[in-house]
Amino acid sequence: MTAVITPLSATGLRTHRAELADLLHAVVSGGSSLGFLEGLDHRAAAAWWDSLLPSVEDGSLALWVSRTGADGPIDGTVSWYRESKPNGRHRAELRKLMVHPASRGRGTARALLAHAEAEAVRSGVLLLFLDTETGSGAEHVYLSAGWTEAGTIPDYATDPAGRLHPTTLFYKQLRDAHR
């Protein structure tokens, strides 16, 4: 079954807060490096989603969720934050591409990424960029989707267990998609 991807408004974020907190908890518990450490509890995960509300409300953060089937549970998310400075409004940072461990291997990450890219083009974004843990499965997703590796920063962040890991920076120019 294919992923059904829909935008999530601030109202939707409030409505699906518990489900999103469950997703974040499952992804971090599964070992994915998303800026959180082992022991992330549901309350802290929900509070993190709540912290996004102002940016979703003002439109600086675009957020999408995926479901397996139209009525299925949320099994993934992706977002991008558009730069607000005048000299950078053409770019956005891709953030928190995550897929529930039980839903991996079905093309959900690729579908979310393609959707976020298409929405960026529609919004006039010419450049997307991101960072991800070096050596993670996410690197393959980005490389196979045409992203370019910009470099690696050693000891950038810890994994959920607290071990330091490098991060790899990627970017994708969307300029050609505007023509």
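Predicted model: local features only at pLDDT ≥ 70, side-chain atom pairs only at ≥ 80, totals over all residues.
Residues are numbered from 1 along each chain as its sequence is written, and side-chain values rest on heavy atoms, with hydrogens and water left out.

The structure contains 9 salt bridges, a salt bridge being a side-chain nitrogen of Lys or Arg within 4 Å of a carboxyl oxygen of Asp or Glu. One of them joins the side chains of Arg 14 and Glu 57, with an N to O distance of 2.4 Å. Arg 14 belongs to helix H1 (residues 10-15) and Glu 57 to helix H4 (residues 53-58), so this pair ties together parts 43 residues apart in sequence. Helices (H or I, at least four residues) and strands (E, at least two) are DSSP runs numbered from the N terminus. Arg 14 is partly exposed, at 44% relative accessible area, and Glu 57 is likewise partly exposed, at 49%; buried denotes under 20% relative accessible area, exposed over 50%, and partly exposed the range in between (1.4 Å probe, protein chains only).

A further salt bridge is formed by Asp 50 and Arg 17, at 2.8 Å from N to O. This pair links distant parts of the chain, with Asp 50 in helix H3 (residues 42-51) and Arg 17 in helix H2 (residues 17-29), 33 residues apart. Asp 50 is partly exposed, at 28% relative accessibility, as is Arg 17, with a relative accessible area of 32%. In the salt bridge between Glu 83 and Arg 91, the closest N and O atoms are 3.7 Å apart. Glu 83 counts as buried at 17% relative accessibility, while Arg 91 is partly exposed at 24%. Through shared partners, salt bridges connect Glu 83, Lys 85 and Arg 91 in one network.

Aromatic pairs number 5 in the structure; rings of Phe, Tyr and Trp (its six-membered ring) pair if their centres lie within 6.5 Å, and planes under 30 degrees apart count as stacked, over 60 as edge-to-face and the rest as tilted. Tyr 142 and Phe 170 form a tilted pair, 5.9 Å centre to centre with 40° between the planes. Tyr 142 lies in helix H6 (residues 137-144) and Phe 170 in strand S7 (residues 164-173), so the pair ties together parts 28 residues apart in sequence. Both Tyr 142 and Phe 170 are buried. Elsewhere, Phe 36, Trp 48 and Trp 49 make up one aromatic cluster.

The largest pocket has a volume of about 960 Å³. On a 1 Å grid over the protein atoms alone, a pocket is an open set of points where a 1.4 Å probe fits, with protein on both sides within 12 Å along at least five of seven lines, and lining residues have an atom within 4 Å of a point. Grid points are joined across faces, edges and corners, and the volume is the space filled by probe spheres set on the points. The lining of the largest pocket comprises 39 residues, of which Ser 33, Leu 34, Leu 97, Thr 132 and Ala 138 lie nearest its centre. Elements giving two or more residues to this lining are strand S4 (91-99), helix H5 (108-122), strand S5 (127-133), H6, S6 and S7. Strand S4 gives the most, with 7 residues.

On the surface, Ile 153, Tyr 156 and Leu 169 form a nonpolar patch with about 240 Å² of accessible area together. Patches consist of residues with over 30% relative accessible area and no salt bridge, like charges being joined within 9 Å and nonpolar side chains (Val, Leu, Ile, Met, Phe, Trp, Tyr) within 5 Å. Accessible areas come from the Shrake-Rupley method with a 1.4 Å probe, and for residues only the protein chains shown count as cover. Tyr 156 lies in strand S6 (residues 148-158) and is partly exposed, at 44% relative accessibility.
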